Amino acid sequence: MFRRFTFCNNRIWFKKTGDFRGQFLIESLIDLDTNLRALGSGLLVLKGRPEIEIPKIVKQYKAGKVYAKREVAYEEKYTESLVKSELWKLQCEILTFSTSTLYHAEDLPFSIKNIPDVFTDFRKKVEKDSAIRLALEKPANIKSPNIPELDLPNLQQLGLQKISMDPRAAIQYIGGESQAIKRLNHYFFESRSISAYKETRNGMTGPDYSSKFSPWLALGCISPRFVYQELKKYESLYTANESTYWLVFELLWRDYFRFMMKKYHNSFFQKNGIKNTDFTSKPVDFEQLQNWIDGKTGVDFIDANMIELKLTGFMSNRGRQNTASYLCNDLALDWRYGAAYFEQQLIDYDVCSNWGNWAYLAGVGNDPRGNRYFNTEKQAADYDKNKTFRNLWLKD
């Protein structure tokens, strides 16, 4: 449960998965099992190391092939290689498929190694020369061996604890495909909030200033291609405007960070990032870091955002940019401490988006302008003019 890049001393350590995402994952697995059983199958959950447990069930069910989601980050690729090695001994093939991106890697107008390091260049070329594949249809039924009743570990067994999301949360996140589709239908077809997305996306309070799809996308409960298809359906029924395009624009950013991780591998976890230029930081002051985590910096806009993250597992995009800038620039701390805490805490954590965005804001990633500083006072005045957000999260 501990992270790929460990910072620890006697005072601060970070888990790979925190309480909120752990609960969301369990809910998602329960929903997946329910949906699979409706099609004649079910979910089999194993406890142990994948390279040991997966070969066991291959032998048990006499499987000839194993299918898996294709990953790009080091830890995931290393685990995949271990599984592949063990399955090879059983003459069983493992096949991986890209399911996380809007555009398939094979459909890009350039190889991974030649992807532009500036997002705008990437976007323009992809939008001009590539097409988005259709999402796969759900099967009518699945021919499956008998799968025993779902047996999931509880949070305590995973080293986590059950906590309730604060009632002030923008929405009460519940894991699973069923809830993902419910949220999509609300945001697109019931409230039609998508038509104003570009104008509201920098909001900070309320359920509909942004889509809130990210936790379900991060965990694979819903695919970006399905979101795109439903968006096209919305546009044909109602309207296509700058806001509906902007959701695709944001999905393309998710793709970009994933392709960049594939291109640069472990560089995104190094202090100097993909640019290999010095990131200046001072020796870590663990009291300062803990105050940042706890929302006790004394800067109300930063503190309100960090408290929201601590009590809900979620933070707005505007909040993420400001709290990251504050840690990197105002506190001058190693940006990877922030990325590590976000990995633990975010309910919508995605390895590529999280580490890619943190590197970007620290000036060691894909931002061509280098270090990106946010004037916290100005940002608060622009995006929380009446202190609605700060009053919500800083009240006793």
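Reply: Helix α11 covers residues 300-312, and at 1.5 Å a residue its 13 residues should span 18 Å; the end C-alpha atoms are 18 Å apart, which agrees. The expected span is 1.5 Å times one less than the number of residues in the helix. Helices (H or I, at least four residues) and strands (E, at least two) are DSSP runs, numbered from the N terminus.

The model is a predicted one, in which local features need pLDDT of at least 70 and side-chain atom pairs count only at pLDDT 80 or more, while totals for chains, interfaces and linings use all residues. Residues are numbered from 1 along each chain as its sequence is written, and side-chain values use heavy atoms, with hydrogens and water left out.

Of the 13 residues of α11, 10 are buried, so the helix is largely enclosed by the rest of the structure. Buried here means under 20% relative accessible area, exposed means over 50%, and partly exposed lies in between (1.4 Å probe, protein chains only). The buried residues of α11 are Phe301, Ile302, Asp303, Ala304, Asn305, Met306, Ile307, Glu308, Leu309 and Thr312. Their cover includes α1 (19-37), α10 (286-294), α12 (317-330), α13 (335-345), α15 (376-383) and α16 (388-394), where contact means heavy atoms within 4.5 Å. Just after α11, Gly313 adopts a positive phi of about 80°.

One of the covering elements, α12, can be described in the same terms. With 14 residues, α12 reaches 19 Å from its first C-alpha to its last, close to the 20 Å expected at 1.5 Å a residue. It is mostly covered, since 11 of its 14 residues are buried; among them are Arg318, Arg320, Asn322, Tyr326 and Cys328. The buried residues of α12 pack against α11 and also against α10, α13, α14 (351-362) and α15. Just after α12, a positive phi of about 55° occurs at Ala332.

Lys385 is exposed, with a relative accessible area of 71%, whereas Lys387, at 40% relative accessibility, counts as partly exposed. Lys387 is not a glycine, yet it has a positive phi of about 60°. The C-alpha atom of Lys385 is separated by 51 Å from that of Leu39, 346 residues away along the chain.

A positive phi at a non-glycine residue is also found at Gln91, at about 55°. Gln91 lies in the loop between α3 (74-89) and β2 (93-97) and is exposed, with a relative accessible area of 76%.

As for the whole, the protein contains 16 helices and 2 strands. Its radius of gyration is 21 Å, close to the 21 Å that the globule rule gives for 396 residues, so it is as compact as a globular protein of that length. That radius is taken over C-alpha atoms, and the rule is 2.2 Å times the number of residues to the power 0.38. The C-alpha atoms fill a box of roughly 60 × 55 × 45 Å along the principal axes. Buried residues make up 49% of the 396 residues. Of the contacts with a separation of 6 or more, 75% join residues 24 or more positions apart.
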